[in-house]
Amino acid sequence: GPDETTARMDALVDILCDVVDGGGSVNFLAPMDRSLARRFWQGVVPAVASGDRVLFVAEDASGPVGTVQLEIIRKPNQPHRCEVAKLLVHRRARRQGVARQLMQALEAEARRQGRTLLTMDTVSGSPAEALYRGLGFQAAGVIPRYALSTKGTLEDTLVMYKELG
């Protein structure tokens, strides 16, 4: 019901705020504003409803602890490609395989939809890069000074991909 939807939205807002406040570079600056986080998630809802995005949420006994999105590319010349977006895991649930489980679910869905290429970008040299490499993603290249870190300094981004055989 509506209360459950509100609680789920609140949990997603908590996760995004925690990741940004913990130094995660996911398009926002710390300290993370809750209303901005809520607006972000409210913007995701129509894309999920239309099938342009698939939202995966991992939960533990206390509720949602992690999330990732699969963006279904609708460009006529890229019917085989999906984009990985916003892999977020709350600091209280880190190092427990949550990110790996989310990415495995995302990959299974991409395959189910007949997609053969996943693309994404992440902060070069970050723990996330190591995670993605461990999941079979390969580096396409580094773009220097791509985005501001949560602390406001410019960071390089690594463009990565994975071919789904």
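Q: Of the residues in the lining of the second largest pocket, how many are nonpolar, polar and charged?
A: The lining of this pocket comprises seven nonpolar residues, one polar residue and one charged residue. The model is a predicted one. The residues concerned are Thr 5, Arg 8, Met 9, Leu 12, Trp 41, Val 44, Val 45, Leu 55 and Val 57.

Q: Which elements supply the lining of the second largest pocket, and how much space lies in it?
A: Rolling a probe the size of a water molecule over the atoms shows where empty space is left. In this case, the second largest pocket holds about 170 Å³ of space. At least two lining residues come from each of helix 1, helix 2 and strand 1 (53-60). Helix 1 provides the largest share, namely four residues.

Q: How is the largest pocket to be described, in terms of its space and the residues nearest its centre?
A: The space in the largest pocket amounts to about 1,200 Å³. Its lining consists of 45 residues, and those nearest the centre are Val 26, Leu 87, Thr 122, Ala 128 and Tyr 132. By class, 22 of the lining residues are nonpolar, 13 are polar and ten are charged.

Q: Which element gives the most to the lining of the largest pocket?
A: That element is strand 3, with seven residues. Strand 3 (81-89) belongs to a group of elements that each supply at least two lining residues; among them are also strand 2 (63-72), helix 3 (98-112), helix 4 (127-134) and strand 6 (154-163).

Q: Why is the pair of Tyr 132 and Phe 137 edge-to-face?
A: The planes of Tyr 132 and Phe 137 stand at 65°, with the ring centres 5.7 Å apart, so the pair is edge-to-face; the cut-off for this class is an angle over 60 degrees. Tyr 132 counts as buried because its relative accessibility is 6%. Phe 137 is likewise buried, at a relative accessible area of 3%.

Q: Is Arg 81 buried or exposed, and which residues does Arg 81 touch?
A: A residue is called buried when its relative accessible area is under 20%. Arg 81 has a value of 13% and is therefore buried. Arg 81 is placed in strand 3, and its side chain makes a polar contact of 2.6 Å with the side chain of Gln 78. Leaving aside residues up to four places away in sequence, Arg 81 touches Ile 73, Lys 75, Arg 115, Leu 117 and Thr 119.

Q: Is Pro 76 buried or exposed, and where is Pro 76 found?
A: Pro 76 is found in the loop between strand 2 and strand 3. With a relative accessibility of 81%, Pro 76 counts as exposed. The C-alpha atom of Pro 76 is separated by 32 Å from that of Glu 155, a residue 79 places away along the chain.

Key. Residues are numbered from 1 along each chain as its sequence is written. This is a predicted model: local features need pLDDT of at least 70, side-chain atom pairs count only at pLDDT 80 or more; totals for chains, interfaces and linings use all residues. Side-chain values use heavy atoms; hydrogens and water are left out. Rings of Phe, Tyr and Trp (its six-membered ring) pair if their centres lie within 6.5 Å; planes under 30 degrees apart count as stacked, over 60 as edge-to-face and the rest as tilted. Buried means under 20% relative accessible area, exposed over 50%, partly exposed in between (1.4 Å probe, protein chains only). On a 1 Å grid over the protein atoms alone, a cavity is a set of points where a 1.4 Å probe fits but cannot get out, and a pocket is an open set with protein on both sides within 12 Å along at least five of seven lines; lining residues have an atom within 4 Å of a point. Grid points are joined across faces, edges and corners, and a volume is the space filled by probe spheres set on the points. Ala, Val, Leu, Ile, Met, Phe, Trp, Tyr, Cys and Pro count as nonpolar, Asp, Glu, Lys and Arg as charged, and the others, Gly among them, as polar. A polar contact is a pair of N or O atoms within 3.5 Å; within protein, one must be able to donate a hydrogen and the other to accept it, and residues adjacent in sequence count only if both atoms are side-chain atoms. Contact means heavy atoms within 4.5 Å.
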